[in-house]
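Dear colleague,

I am handing over the structure below, and after it I set out what was found in it. Please read the notes alongside the coordinates.

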Amino acid sequence: MLPRIVAAVWTLGLLFGPATAVEMVESDFQVTFQYGGTGQRLSEDRVPLLPGNTCYTWWVRLAPGDAPQSAVERLILPAPLSSWGDLATNPDDGVEISADNTTATSSFVPELDSAGWLSKGWCAAEGDPLGMHRIEVSIDGTPMKTFEFEVLAPEDYPWPALTQPAPRERTVHNSW
């Protein structure tokens, strides 16, 4: 009998108890770029440095519960940037650049999709450093996930194999 009472009290605590901290249930880090005439979307921790072509996005899925109120993303580079462009000069964008030009801290109100996912991303730009990068994500003051990834020169990146077209039969209308 006692185990049933404990289970009932525990269940009621889950249903009516105080709100708990946000909880991450899943995460992903994706790299996107055009290659071989098609868009590539890969879940991996290597990023080819192709300014104007490559972007990388982190994804975090939260457990059901109260909507989070605040989020902080810190992009930490292995070397300082000579210029962060508009990010360093626009006080309304919610991004602060560290004095040593190695870290961009973004504060924002997270917007979850219907499945509980939120994301944010960056795109490669001229002057970005090669090497190990890190993105730290905190939600409502709770550290959620650290994404570590390496930005590689195009000649060092392990490009995905291109799919070859299927051979076609020779016909009167399709000759080669």
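To begin with one detail, K145 lies over the face of F147, at 5.6 Å from the ring centre, where a charge is taken to sit over a ring if NZ of Lys or CZ of Arg is within 6 Å of the ring centre and within 35 degrees of the ring normal. The charged end of K120 likewise sits over the ring of F108, 5.4 Å from its centre.

Please keep in mind that this is a predicted model, in which local features need pLDDT of at least 70 and side-chain atom pairs count only at pLDDT 80 or more, while totals for chains, interfaces and linings use all residues. Residues are numbered from 1 along each chain as its sequence is written, and side-chain values use heavy atoms, with hydrogens and water left out.

Turning to the sheets, strands are DSSP runs of E with at least two residues, numbered from the N terminus, and two of them pair if DSSP finds at least two bridges between them.

Strand β1 (residues 24-35) is joined to β4 by eight bridges, with L62 in β4 as the bridge partner of M24 and E26 opposite R61 in β4. On to β8 (residues 117-123), β4 makes seven bridges, again antiparallel, and here R61 stands opposite W117. Six of the eight residues of β4 (residues 55-62) are buried, so this strand is largely enclosed by the rest of the structure; buried means under 20% relative accessible area, exposed over 50%, and partly exposed in between, with a 1.4 Å probe and protein chains only.

The aromatic side chains form 12 pairs, where rings of Phe, Tyr and Trp (its six-membered ring) pair if their centres lie within 6.5 Å, and planes under 30 degrees apart count as stacked, over 60 as edge-to-face and the rest as tilted. The rings of Y56 and F149 have centres 4.8 Å apart and planes at 45°, so this pair is tilted; because Y56 lies in strand β4 and F149 in strand β10, the pair ties together parts that are 93 residues apart in sequence. Both Y56 and F149 are buried. Y157 and W159 form an edge-to-face pair, 4.7 Å centre to centre with 70° between the planes; Y157 is buried at a relative accessible area of 4%, whereas W159, at 29%, counts as partly exposed. One aromatic cluster is formed by F29, Y56, W58, F147 and F149.

Finally, what surrounds H133, leaving aside its neighbours within four places in sequence? This residue of strand β9 is buried at 3% relative accessibility, and H133 is in contact (heavy atoms within 4.5 Å) with I76, L77, P78, F147, E148, F149 and V151.

With kind regards

Definitions and conventions:
Helices (H or I, at least four residues) and strands (E, at least two) are DSSP runs, numbered from the N terminus.
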